[in-house]
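Have a look at it first, and then we can go question by question.

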Amino acid sequence: MNNVEKYPHILENWLKHYISSMNDTGNLIPGDNTGEAPFGVKIIFDGYAENDNGEPIKERLNFAIFIHKDSLTKEFKEHEFTPWALKHRREEECCVSYWFDKSDKSFHPVNYIEEENDDCTKLDRNFVIDLICAIDERDKKSLLK
């Protein structure tokens with residue numbers, strides 16, 4: 001399996017661990033980062049899906065996974081914020097979004113790193129995909145020690 005085929009599975013595994021370790025009381029606030037993410041990676045709850053009336057659907061959660069260009073070896077560099085959101089640094093990081101459906105525990109990617117028309121990053125797409133795989137390998141090796 002090549003890295004383009006591997007990375008979505010890695011991201012889903014990161015999300016599974018993050019979700020199982022977060023403090024979900026059923027009333028999450030966008031930006032919540034109470035779960036455990038791999039060293040150098042940032043994962044946040046980004047909001048609930050909404051019905052036609054704008055009411056939250058608490059069974060469908062959106063998450064953002066941020067991979068910084070230095071995520072393999074350095075602590076995640078915290079974001080600056082605007083009054084309504086964090087500032088995504090496309091020149092330095094990649095942001096991948098996923099929906100998680102609690103009812104069937106399924107994940108649905110919103111964007112794909114390898115798609116050039118996707119605005120998730122300005123970094124080289126292959127670099128980011130290889131970086132995700134390298135972080136996964138790093139963490140697997142540390143578990144063996």
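Q: Which residue is the bridge partner of N62 in β3?

A: It is W99. A quick note before we go on: this is a predicted model, where local features need pLDDT of at least 70 and side-chain atom pairs count only at pLDDT 80 or more, while totals for chains, interfaces and linings use all residues. Residues are numbered from 1 along each chain as its sequence is written, and side-chain values use heavy atoms, with hydrogens and water left out.

Q: What makes β2 and β3 a pair?

A: Strands pair if DSSP finds at least two bridges between them, a strand being a DSSP run of E with at least two residues, numbered from the N terminus. Nine bridges join β2 to β3 (residues 93–101), so the two count as paired under that definition. They run antiparallel.

Q: How do you know that β1 and β2 pair?

A: Nine bridges join β1 (residues 41–50) to β2 (residues 56–68), also antiparallel. One of the bridge partners is F66 in β2, facing K42. The two strands form a hairpin with five residues between them, and G54 in the turn has a positive phi of about 80 degrees.

Q: Why is V4 called partly exposed?

A: Buried means under 20% relative accessible area and exposed over 50%, with partly exposed in between (1.4 Å probe, protein chains only). V4 has 35%, so it is partly exposed.

Q: Which residues is V4 in contact with, leaving aside neighbours within four places in sequence?

A: They are E114 and I129, contact meaning heavy atoms within 4.5 Å.

Note on methods:
Helix = DSSP H or I, 4+ residues; strand = E, 2+ residues; numbered from the N terminus.
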